[in-house]
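Thanks for making time this morning. I would like to walk you through two interfaces, one after the other, and I will keep to what the model lets us say.

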Amino acid sequence: MAKIPVQFTLNGSEKAEFIDSGTTLLQALRDKIGDTSPKGGCHQGTCGACSVIIDGELRLSCLTLAETCNGATITTTSGLAEGGVLHPLQRAFLDTFATQCGFCTPGMIMAAKALLDHTPNPSRDEVVEALSGNICRCTGYEPIIQAVLTAARANSQNAA
Amino acid sequence: MAIRRGRGVAAINYPTGMNLGGDPTQALVHSTPTGNFMVTLSSVDLGQGMKQIMAQICAETIGVPTDRVVVDTADTDTGPHCMGTFASRGTHRAGNAVIQAAREARQVMLEVAAEELEVNASDLETDGQGNILVKGAPQKSISIFDVALSAHFKRGRSISGRGMFLIPRSYPEKETGAMKPSTCYAHACTVAEVEVDDETGEVTVLTVKNVFEIGRALNPKMVEQQLVGGSWMGISHALYETTEPYYPNRDHGGTDFNQYLMPGPGDLAETEIIVLERPSADGPYGAKGPGEMCANPQIPAVANAVFDAVGVRIDTLPITPERVLRALKAQAAN
Ligand code: FES
Ligand code: FES
C-alpha cells in the first residue's frame, strides 16, 4: 500500500514521516516518532490518556488520523519542560502528589494545559469539567484538581 | 417519592500478607565504588511508591541520605526472590528484607572504615550525611565515598548484604482449626453520608470520613496519596464497578471504559482522611501494609448508610439504582 507523507510541528520541531493511511496520530507519535508521552489507554476515545494539543485545541490522538495533521502544530507533555525546568503544571503535579502510576498524567496535564491556555484562572468547577474526559485509576482525582488550581495560582503570581 | 439521607459506619481489621507456601521476600544491597548504594529486588512498584520507600529504608539503615540509594526492581529473572506486590505485603516484607541486607552492608562499611581510621568498628557511627565518625571524637572521620573507594581498590572487600524475610507457612491446628494466616494487622473506620433517591434508586455519597491506623507512616505524603485515592476507589466499588453485573450470569459485563463505570472528577464525595500511627513490632520501622485496606471500609459504610436512608439491605455489589429499586419494591410488597 502506498505510504502517505505527513509533516507537522511537534513541540517546536519539524517532523516528516511516511505513514500508512489510517494510522492514528497516537500510533504515529509513539511508534514512528518515538514520543511516548501520549499513552494508549483505550484506543477508542474514552480514557483521555492520549490527549494532545493540536493547533491550540485539546484532541484525542487515538481518534485523530495522522494524515489530517499535515501542517499542524502539536504539543505533547514531553514538550513542556524548557531547558530542564519543569512546566508549572508538571511542577504542581509533583508538589501536590497528583501522580501515582503516572499512566493518566500526560493526558491530564494536556487537558489542564488546554484549560489554562484559554482560562488562566479557572474555578474548581471549570477544572472538574476540563478533566472530565480523563480517567485516573489511582489518585481519586482530588490531588489532580488541586494540582491544576495550584498551577493556575503560580501562573497568575508570575504574571502579576 | 423523596431524596432520603442516611449515615453508615464500618470498621475493619486488615492483615498484611497472606499464608501461601510460606511468604518470603529477599533483597540484596551493595555499594558502588563511589559509595552509593544499590538495592536489588524483584518486588514491583506499581505506582504505590515502593522504590521510594525501599530507598528510605535502606538509607535509614545504612546511615546515608536517601538520594544516595538506587533501587532496582521488578525483574524476576535476575532479582532476589519476592512473592510479589499484593496483599499489601510490599512495604512490610520487602522492607524487612532490605533492613537485614542493609545492616549487613553497613557492618562491612564500618569494618572498612575502621581499618582506614585504625579504630574499632564498634566505636564508629554515621552522621546520616555520608560520613563515618568516631563516637565522641567526630573530628576523626572518613567519608563513605572514601570508604567505598578503599573497599573496592585497596582492601578488596564487597560492601554488601543479603536480606531474607520469611513468614513461614501456617498450618491449621488439628483440634481447633486455628492458624495464623497473616501478620501485622492495620485498622480503619469510615463514616459515610449518602443521599438515596427512592424514585430513581440513585445513591450519591456526600461525605466519607476515614480513620486509618497503619503503623508508622514511612512517607506521610505518599500515605495520604494512597488513602485519598483508595477512599475514592472504595466508593467506586460500592456503587459503580463490576465486570459481572448479573453474576453468575456472565452476560452484560462491561468490556471497556464506556461500560465499566467509575466515578469521575465530577462525582467526588467530600473526603476526610485521618492517620493514626501505632508502630508495629515486626514492621520495618514500624510500618504495616495499608495498601488495599484504604479501599475497604467505605463499602460496608455506604451499604449501611443506604440502609439508614431507605431501610433496605443491599448485599450484592455494586449498589446500583436497579438493585436499590428492586429492594424498595420488595420491601413495599411485604
Ligand atoms: S487512548 Fe485515546 S481516549 Fe483512551
Ligand atoms: S496516576 Fe495512575 S491512572 Fe492516574
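**Two interfaces in one model**

Between them, chain A and chain B bury about 1700 Å², and 64% of that area is on carbon and sulfur atoms. On the side of chain A, the three residues that supply more than any other three are F97(A), Q100(A) and R137(A), which give 38% of the area that chain A buries against chain B. Please keep in mind that this is a predicted model. In terms of contacts, 24 residues of chain A meet 22 residues of chain B.

How many salt bridges are there between chain A and chain B? The count is one, and R137(A) forms a salt bridge with E241(B), with the closest N and O atoms 2.6 Å apart. As for elements, α4 (124-131) and α5 (142-159) of chain A are those that give two or more residues to the side touching chain B, and the residues of that side divide into 13 nonpolar, eight polar and three charged.

Now let us turn to the inside of chain A, where the domain assignment gives domain 1 (4-79) and domain 2 (88-159). These two domains of chain A bury about 1200 Å² between them, 65% of it on carbon and sulfur atoms, and in domain 1 it is I53(A), L58(A) and T77(A) that lose the most area to domain 2, together 39% of what that side buries. Across this interface the rule finds zero salt bridges, while the count of residue pairs in polar contact is four. The largest share of the domain 1 side, three residues, comes from β3(A).

Definitions and conventions:
Residues numbered from 1 in each chain as written. Chains lettered and ligands numbered in written order. Predicted model: local features only at pLDDT ≥ 70, side-chain atom pairs only at ≥ 80, totals over all residues. Heavy atoms only, no water. Contact = heavy atoms within 4.5 Å. Buried area = accessible area lost by both parts, 1.4 Å probe. Salt bridge = Lys/Arg side-chain N within 4 Å of Asp/Glu carboxyl O. Helix = DSSP H or I, 4+ residues; strand = E, 2+ residues; numbered from the N terminus. Nonpolar A, V, L, I, M, F, W, Y, C, P; charged D, E, K, R; others polar. Domains from an automatic or database assignment. Polar contact = N/O pair within 3.5 Å; in protein donor to acceptor, adjacent residues only side chain to side chain.
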